[in-house]
Amino acid sequence: MNNSLILRNISRHISLSDDEANYFYSLLRERKVRKKECILKQQEPCKEISFVHSGQLRAFYLDATGKESTIMFALPDWWITDMYCFVNEKPAMLNIEALEDSIIFQLKKGDLDKLYSTVPKFEIFFRIMMQNAYTREQLRIIENLSLSSEERYNAFIRKYPVAAERITQKQIASYLGITPEFLSTIKTNKNKK
């Protein structure tokens, strides 16, 4: 298991002894995911949080009419789950699919609870991670309420330049809450300026 990326991710907020790191690694499950494969589907139990080692994933909501609304993307060095359902042990509200062949490390909810007991500093790590996620989502909501579609697109490109190159226009439009055709118009107007 090549775990150097996940260790660097964790070490941004907490320091682990070799024994603590080894215990953490023993709880992880490495999983290879093929492009378009779902690691979570709506109404399935949401039992894992996943760390993206390589590749790219997307969380999205699928409504009764079949319309997709992208909630988030996850590139290497990012964590992804249906957080509300994971924390509260509820059936998933979201789907999570691989946008390209990916390698992820998964941690089950029960193992995360064991980790909190055995290595309490992981509570600090996941608290910081969840605070950061909440902050990002709050800012996204405010941007959706206050910015034009073009401004939201420009903000997305500034925040996630690497992701923007690897994600389809349809998925970016879904994330921004606009149609792909309208996104095409925004890009055309931007290129004319």
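Predicted model: local features only at pLDDT ≥ 70, side-chain atom pairs only at ≥ 80, totals over all residues.
Residues are numbered from 1 along each chain as its sequence is written. Totals for linings use all residues, whereas local features need pLDDT of at least 70 and side-chain atom pairs pLDDT 80 or more; side-chain values use heavy atoms, without hydrogens or water.

The search used a 1 Å grid over the protein atoms alone. A cavity is a set of points where a 1.4 Å probe fits but cannot get out. A pocket is an open set with protein on both sides within 12 Å along at least five of seven lines. Lining residues have an atom within 4 Å of a point. Points are joined across faces, edges and corners, and a volume is the space filled by probe spheres set on them.

The largest pocket holds about 1,000 Å³ of space. Its lining counts 37 residues, and Met72, Asn132, Ala133, Arg136 and Glu137 are the closest to its centre. Helix H5 (121–146) is among the elements giving two or more residues. H5 supplies the largest share, twelve residues. Helices (H or I, at least four residues) and strands (E, at least two) are DSSP runs, numbered from the N terminus.

The second largest pocket has a volume of about 220 Å³. Its lining includes Arg58, Lys67, Glu68 and Pro180. H8 gives the largest share here, four residues.

One cavity of 30 Å³ or more was found in the whole structure. The largest cavity has a volume of about 50 Å³. Ile39, Cys46, Glu48 and Gln106 are among its lining residues. Strands S2 (38–40), S3 (48–62) and S6 (95–108) each give two or more residues to that lining.
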